[in-house]
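Student: Could we go through this structure together? I would like to start with its charged contacts and then turn to a helix.

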Amino acid sequence: MATITHPRAWLERRRARAEADHWIGHGFESRYPWRVAELTSARERKLCARSLDGVLGELNGSKLPGAAPLRTASLRPHTDLLEAIEARLLDDAPVTAVGMLAVNELLTSPGSCLFTQRDDVESCLRTVLDKLEVR
């Protein structure tokens with residue numbers, strides 16, 4: 001039998017994740033080890049890599065456009081960077097929680113360089129790739 005979670009518990013977890021993400025983004029990873037583990041898990045990495053694969057498929061024409069229109073003209077010259085981010089996510093080497101937050105922002109934010117016409121697409125993608133690296 002499937003378990004049904006109470007909506008309040010779901011909202012509390014969502015709120016806790018948002019708060020943790022905020023603080024992790026400001027360099028306080030050690031205060032939220034549970035969220036760091038969630039963000040850097042193999043499952044989360046595969047989900048993000050699958051989403052990037054969809055973006056790449058849309059750019060090369062092998063997949064139909066998604067619900068949110070991509071800025072294909074400005075992204076096509078940078079498919080190598082998108083492929084590098086995807087490969088980094090699928091690599092066994094560890095990634096940072098801040099980098100995973102950057103990938104999530106790239107994939108879900110309406111203001112990301114995937115969805116908004118911007119002149120700094122290359123620097124945006126390089127920043128995401130750089131944030132994934134553990135130093």
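**Salt bridges and a helix**

Tutor: The structure, which is a predicted model, holds seven salt bridges.

Student: Which side chain does E38 meet in a salt bridge?

Tutor: The side chain of E38 meets that of R35, at 2.8 Å from N to O. Both residues lie in helix α2, three residues apart, which is about one turn of the helix.

Student: Is R35 buried or exposed?

Tutor: R35 counts as buried because its relative accessibility is 11%, and buried means under 20%. E38, at 27%, counts as partly exposed.

Student: Which residues are linked with R35 and E38 in a network?

Tutor: R17 and D21 are linked with R35 and E38 in a network of salt bridges.

Student: What about R135 and D130, how far apart are N and O there?

Tutor: The side chains of R135 and D130 meet in a salt bridge at 2.3 Å, N to O. R135 counts as exposed, at 74% relative accessibility, whereas D130 counts as partly exposed, at 41%.

Student: Now the helix. How many residues does α1 have?

Tutor: Helix α1 covers residues 7-25, which makes 19 residues. From first C-alpha to last, α1 reaches 27 Å, close to the 27 Å expected.

Student: Which residues of α1 are buried?

Tutor: They are A20, D21 and I24. Seen down the axis of α1, these buried residues fall within an arc of 105 degrees, so they line one face of the helix. On the other side of α1, P7, R8 and R15 are exposed.

Student: What do the buried residues of α1 pack against?

Tutor: They pack against α2 (33-39) and α6 (97-108).

Note on methods: Residues numbered from 1 in each chain as written. Predicted model: local features only at pLDDT ≥ 70, side-chain atom pairs only at ≥ 80, totals over all residues. Heavy atoms only, no water. Helix = DSSP H or I, 4+ residues; strand = E, 2+ residues; numbered from the N terminus. Expected span 1.5 Å × (residues − 1). Buried < 20%, exposed > 50% of the residue type's maximum accessible area, 1.4 Å probe, protein only. Arc of directions from axis to C-beta. Contact = heavy atoms within 4.5 Å. Salt bridge = Lys/Arg side-chain N within 4 Å of Asp/Glu carboxyl O.
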